[in-house]
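Student: I would like a close look at one part of this model: the place where one chain touches the other. Please then connect it to the rest of the chain.

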Amino acid sequence: MATENKNGGRPDVDIATLRHSAREGNTPRFWRGLDELAGTPEFRDHAENEFPHGANDPNATLDRRELLKVMAASAAFAGLTGCTKLPTQTIVPYVREPEQIIPGKPLFYATAVTLGGVATGVLVESHMSRPTKVEGNPDHPGSLGASDSFAQASILGLYDPDRSRAEVHDGRIGSWPEFQTELTAALAAAKITGGSGLRLLTQTITSASLAAQIRKFLKAFPSAKWHQYESVGRDNVREGARIAFGEYVNAVYRLNRVEVVLTLDSDFLTSGPGSVRYAREFAAKRRVDGAESIMNRLYAVECTPTNTGAMADHRLRMRASEIESFARALAREIGVSAAAGPGSSSSAPAEWIAAVARDLKQHAGASLIVAGDQQPPVVHALAHAINQKLGNFDKTVYFTQPIEESPIHQWESMGELAADIRAGKVTTILILGGNPAYDAPVDLGLRELLPKVKFSARLGMHEDETSVLCHWHIPQAHSLESWGDARAYDGTITVMQPLIAPLYEGKSEHDFLAALNGQAEKPSHDIVREFWLAQKTGIPRFDAFWEKTLRDGVMAGTAFPAKQVSLKLGIGEQPPAARPQGLEIVFRPDPTIWDGRFANNGWLQELPKPLTKLTWDNVAMLSPKMAQRLGLKSEDAIELKYEGRTIVAPAWVMPGHADESVTVFLGYGRTRAGNVGSSAGFDAGWIRPYATPWIGAGLEIRKTHQKWALAATQTHNSMEGRDLVRVATLDEYHKNPKFAQADVVKNPLSLYPEVKYEGYSWGMAVDLNACTGCGSCVVACQAENNIAVVGKKEVMIGREMHWIRIDRYFEGDLDDPKTYHEPVVCMHCEDAPCEVVCPVMATVHSPEGLNEMIYNRCVGTRYCSNNCPYKVRRFNFRLYSDWDTPSLFGMRNPNVSVRSRGVMEKCSYCVQRINAVKIEAEKQDRSVRDGEIVTACQQSCPSEAIVFGNINDPNSRVSKMKAKNLNYSLLEELNTRPRTTYQARLRNPNPEIEKAAAV
Amino acid sequence: MAQIFHHSTNTIARVSIYGAVLLLLLLGYTVDVVNNSSYVTEVHNARPQPVPFSHKHHVGELGLDCRYCHASVEVSSSAGMPPTQTCMTCHSQIWTGAAMLEPVRASYRDSVPISWTRVNAVPDFVYFNHSIHVAKGVGCTTCHGPIAEMNITWRQESLYMRWCLECHNAPENYLRPRSEVFNSFYRAPKNQQELGLRLMKEYKVQKLTNCTTCHR
């Protein structure tokens with residue numbers, strides 16, 4: 001989808017010139033993108049004009065006469081708005097009221113959201129049986145009350161208007177009974193051969209009850225085969241464990257005991273099993289208070305910049321294929337025997353490795369090496385070996401039996417399946433979930449092979465790329481509509497309960513398997529319950545146990561115990577294979593769309609990707625140096641040729657990316673994702689062959705002369721290089737604990753009278769030291785506050801509606817900058833510049849210090865937003881909220897107005913939650929307790945970076961945070977006196993390395 | 001040069017200028033009158049219901065407590081509408097054959113809910129909470145009027161914001177002891193001011209007039 005460069009294209013950023021001006025010291029210390037560094041006209045445009053392309057439709061013109069007419073009409077009609085008569089409404093009470101349901105009071109049910117089979121426990125808010133919001137489950141070990149952006153967005157997945165609503169048989173509407181008849185016939189035919197032509201393809205399964213059903217099916221058809229496949233799988237992790245220990249085991253980390261972490265291309269803080277918990281434990285070890293405090297230290301060696309790399313105290317950028325050499329060198333340094341690889345010196349300076357090794361050894365038993373999912377198995381094996389050598393086993397990492405029900409090499413499983421179809425061995429294929437026609441390795445040719453199977457059926461949420469190639473498509477029930485169970489990263493089981501009956505009569509995987517096993521009439525609830533009844537025979541009162549399991553969202557005592565493992569000898573002794581030459585290509589799951597399964601989720605599409613701040617597109621990411629060499633700029637459409645296949649992709653120059661390496665992100669270029677996701681981005685899977693799922697070499701790049709306009713928010717809402725992020729090293733902090741408050745104005749003068757707050761006075765503190773920039777809060781806010789999705793075009797002109805944005809700043813070297821994240825919400829300024837300019841009093845101050853926004857007063861002058869120095873106000877330029885799609889009505893939070901066109905909106909500190917808690921407290925004749933009011937962003941934050949509360953109470957958590965000497969306000973010199981304040985970021989560099997770098 | 005305009009033009013000009021002003025005032029007045037008329041506010045407009053339920057009979061004559069049917073009024077924002085089951089607690093025993101009650105029996109029999117016409121409603125951007133008002137000593141009849149006298153229920157007050165603010169600005173004029181909140185025959189005592197001020201203190205009643213109290 002390359003387009004000619006009009007106004008969306010980024011103007012030229014000449015990297016050579018940039019380097020020059022950086023040397024001269026003409027660039028700001030913190031910068032948000034190359035545009036800002038270069039001060040391009042486009043960046044100036046975004047910085048100087050709030051809405052760079054004008055508030056109005058650029059095509060609309062208005063002459064004086066028209067204007068007067070419109071004004072007169074507006075004046076005349078203004079008075080009439082009061083005349084609307086409320087329409088006659090009806091009240092429809094229950095016939096028999098269900099227990100527990102009280103109109104106006106939400107209920108919370110515990111269930112789980114899975115990604116790659118791994119469960120994160122959640123509590124789902126239900127208004128009169130209508131799920132509206134997902135929150136983390138504090139009792140669940142993988143959640144601890146927080147959740148990631150995928151879990152937050154799952155609620156939109158449920159109400160997605162593009163979900164399939166009917167059985168489809170060869171392009172016509174079919175029915176479930178009809179399908180069952182055909183299925184029975186197909187199975188009867190297969191029975192004769194014991195099911196030798198029968199194939200079942202699922203995604204990763206951690207559900208014991210589902211696996212039991214599958215095993216029952218395989219027992220009936222002994223020659224049938226069960227394949228599992230995920231295009232973003234964890235094969236390398238599993239294989240690595242097999243190399244190291246001779247068996248598949250599951251590694252569980254205890255970040256709360258770790259002082260020094262080294263990641264080898266791993267983004268363990270924001271993706272992968274247990275990441276939500278790991279982020280919390282990691283952040284807890286970085287909380288600093290007082291001069292004596294210490295912090296943990298994170299080293300990251302990575303190719304593609306990740307959130308984890310941005311948190312690192314030392315980040316070493318390195319081509320993904322060189323990381324193996326690094327791991328080998330480090331292993332030797334630690335004392336694990338490992339053969340040197342070709343070019344083993346890699347690009348890592350020897351003293352760097354030595355310093356890291358020393359640091360790790362000093363913290364033996366309190367250190368940890370984590371290898372990334374995309375790294376080859378041997379790197380994982382080496383990481384295990386190093387961990388063992390450092391005495392970390394059973395201290396910072398322990399092993400359990402695999403959480404997958406059948407841990408296999410999925411990539412090979414898919415290869416085998418394709419080979420079988422090609423050989424004509426497959427007569428019936430049943431595909432449960434997934435989307436192999438889109439994401440299977442391209443050279444397996446599944447798209448051509450699938451139609452060759454005599455009987456094929458697919459259970460899927462959307463009638464997508466795979467469904468259209470199958471004879472039957474069966475609509476799948478969303479996980480919030482079905483019974484099931486799943487394991488967390490440590491094995492803990494959650495029994496998943498439905499929040500709502502299937503909206504489109506979808507079938508769950510359990511239902512489908514039941515049909516295969518001839519139990520089509522059996523409700524999936526009974527299947528799951530009976531399975532666990534049979535498992536838990538020792539329990540005297542199963543009913544009570546079952547109720548408790550459902551209520552708590554965890555089955556007590558099901559976390560796997562630590563398992564004794566014995567490391568094999570000589571893991572790294574085999575010399576590595578020669579590294580193929582040529583330009584490197586790295587495939588990564590997209591940070592917000594993952595493998596493409598969330599492509600039709602508007603919240604995740606519009607969630608700016610943490611490091612690039614891109615929305616609605618994936619890119620081919622390369623380093624500034626490489627871009628300079630090739631003469632490429634961001635948004636150049638480039639042709640990527642790999643293994644004989646070519647694809648056009650937009651280039652993105654990413655500071656911090658390894659040189660001579662290109663990262664492409666999976667999950668885009670869907671053709672049948674739905675109205676939201678189809679045709680966004682390019683399909684990186686098209687150049688991803690079976691042989692190299694993650695890291696390949698020999699990529700060719702050809703420049704086309706076209707541009708590919710991208711919607712990046714990195715320069716939007718700029719606060720123009722003022723001292724917004726404050727950073728120091730731990731040492732500097734110890735020397736000068738008040739560095740963050742250096743420019744505090746003492747006793748600032750104000751023209752406004754001082755307001756005294758009696759009772760409550762709300763405030764927020766954001767800990768930059770904890771924020772990983774994952775974006776969970778952005779989606780949580782969107783779900784809680786009914787925030788609209790605007791689409792790529794509108795994002796390009798700066799009209800995204802998120803109430804909370806995460807600014808990402810770079811510092812230092814163009815090629816290898818440090819990266820910081822800073823979430824920005826409304827500051828609820830004491831002397832708010834927005835309030836004084838509103839001509840209709842639509843934004844006013846509350847007696848509890850909130851800066852209130854009243855939609856029904858707002859006439860849309862946008863003066864407030866113009867006057868806001870923090871750029872946190874959002875204007876509905878168009879009717880962004882969907883008022884027409886019925887399936888979305890159910891999703892909305894009934895306690896927040898759905899905004900219409902022409903209205904300003906912004907963060908309200910979740911005033912609906914404040915009011916609800918206050919009312920309860922008032923009724924009990926007590927004051928609100930600290931921690932009782934939890935804003936949506938705070939609730940979802942995995943690392944507890946956001947704290948909200950009453951700043952009039954000196955003992956509240958938020959007051960204590962604000963009392964720290966790390967506390968500072970944004971743009972303090974403006975004397976707006978924000979209620980949202982920040983805790984400065986601290987780095988804990990290794991003095992040895994820092995010194996070497998300084999020389 | 002001859003005059004362009006005739007003498008009478010002066011009059012026409014005067015009439016049209018003053019006329020326009022008058023017309024505007026009149027228009028404004030009309031809008032106000034219409035807005036406050038029961039045509040728009042539905043005040044005192046008894047609305048037809050699928051079953052002619054009489055509050056007068058049930059509350060005034062039989063003395064049912066409000067909370068028997070509006071069960072969630074003390075705990076939730078919504079006062080709650082009784083499920084058919086609640087009607088049938090009595091009407092499965094008395095008036096079992098009454099033709100008037102056939103829709104109720106049908107609803108119970110066929111599990112089809114009764115669709116009542118809403119009498120009291122505020123716009124969607126207003127978030128009203130019953131439970132806190134009840135807890136602070138605002139009686140049911142303060143807003144809902146002499147419910148014990150209504151055969152067919154009507155809206156007693158406009159529910160306009162200025163009406164809400166009458167009480168939010170001066171709660172002492174309306175509060176009653178918590179024990180009297182559900183008393184449908186309550187009459188304000190002569191010393192209402194005094195009582196109101198005392199109750200305000202006792203119940204910690206605040207004068208909440210900031211916008212997000214109701215709008216968000």
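**Where chain A touches chain B**

Tutor: Happy to! On the chain A side, 36 residues are in contact with 37 residues of chain B (contact means C-beta atoms, placed from the backbone, within 7 Å). Please keep in mind that this is a predicted model, where local features need pLDDT of at least 70 and side-chain atom pairs pLDDT 80 or more, while totals for chains, interfaces and linings use all residues. Residues are numbered from 1 along each chain as its sequence is written, with chains lettered from A and ligands numbered from 1 in written order.

Two elements of chain A give two or more residues to the side that touches chain B: β2, residues 90–91, and α28, residues 911–923. (Helices are DSSP runs of H or I with at least four residues, strands runs of E with at least two, numbered from the N terminus.) The biggest giver is α28(A), with five residues on the side of chain A that touches chain B.

(Strands pair if DSSP finds at least two bridges between them.) One residue pair to look up in your viewer is Thr90(A), whose bridge partner in β1(B) is Thr117(B).

Now for the chain behind that surface. Chain A has 31 helices and 40 strands, and its C-alpha trace spans about 90 × 80 × 65 Å along the principal axes.

For pairing inside chain A, look at the open sheet of four strands, ordered β13-β12-β11-β14, in which the pairing is parallel. Its edge strands are β13(A), residues 314–317, and β14(A), residues 367–371, each of which pairs on one side only. Strand β12(A), residues 297–302, runs parallel to β13(A) and is joined to β13(A) by four bridges. Within that pair, Ala300(A) has Arg315(A) as its bridge partner in β13(A).

In chain A, α7 meets α17 through residues from each helix. On the α7(A) side you will find Ser209(A), Leu210(A), Gln213(A), Ile214(A) and Phe217(A). On the α17(A) side are Glu509(A), His510(A), Leu513(A), Ala514(A) and Leu516(A).

Notes:
Two residues are in contact if their C-beta atoms, placed from the backbone, lie within 7 Å.
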